[in-house]
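Please examine the sequence and the three-dimensional structure shown below.

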Amino acid sequence: MGSNRKQPFGYTMEFGKIVIHTQEAQWVQEIYRRYNLGASFVELAQMMQEANVPYDADKPWNKNMVARILADERYIGECGFQPIVSEDVFRS
C-alpha cells in the first residue's frame, strides 16, 4: 500500500497552502536538538516510537525516516517551505 503522507513531517496542507503543523514541528525541532547533542538515528527513532508520535498511517519510526528529516533542507525554508529550524541548527 502506498504512503498517505503528502508533505514532509512537520508540514500540512491547509486551504491549498503548505503550512507548519505545530505539533509535528515541535518534534522536528526536538529531533534536531537531540541529534546535535549526539543522539543516533536509531535512538531518535526509538524516542519517536516510544512517544507514540504518528508518522504515516501506522508505520513505525525507523532510522531512515529520521535521517531523511535531518537531511531535508525544506526544514530551513528551502523550496518555499516555512522554516522549522534555523540554518545554524540544521548545519550543526
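With which residue does Asp72 form a salt bridge? In this predicted model, the partner is Arg74, and the closest N and O atoms of the pair are 2.7 Å apart. Asp72 counts as buried because its relative accessibility is 15%, under the 20% limit for that class. Arg74, with a relative accessible area of 29%, is partly exposed.

Salt bridges that share partners also join Glu30, Arg33 and Arg34 into one network. Side chains of opposite charge can pair when their charged atoms come close. Glu30 takes part in both of the following pairs. With Arg33, the closest N and O atoms are 2.8 Å apart; with Arg34, the N to O distance is 2.5 Å. Arg33 and Glu30 both lie in helix α1, three residues apart, and Arg34 and Glu30, also both in α1, are four residues apart. Glu30 is buried, at 18% relative accessible area, whereas Arg33 is partly exposed at 42% and Arg34 is partly exposed at 34%. A search of the whole structure finds five salt bridges.

Beyond its neighbours within four places in sequence, Tyr75 is in contact with several residues, including Phe9, Val28, Tyr32, Ile69 and Ile84.

Methods: Residues numbered from 1 in each chain as written. Predicted model: local features only at pLDDT ≥ 70, side-chain atom pairs only at ≥ 80, totals over all residues. Heavy atoms only, no water. Contact = heavy atoms within 4.5 Å. Salt bridge = Lys/Arg side-chain N within 4 Å of Asp/Glu carboxyl O. Helix = DSSP H or I, 4+ residues; strand = E, 2+ residues; numbered from the N terminus. Buried < 20%, exposed > 50% of the residue type's maximum accessible area, 1.4 Å probe, protein only.
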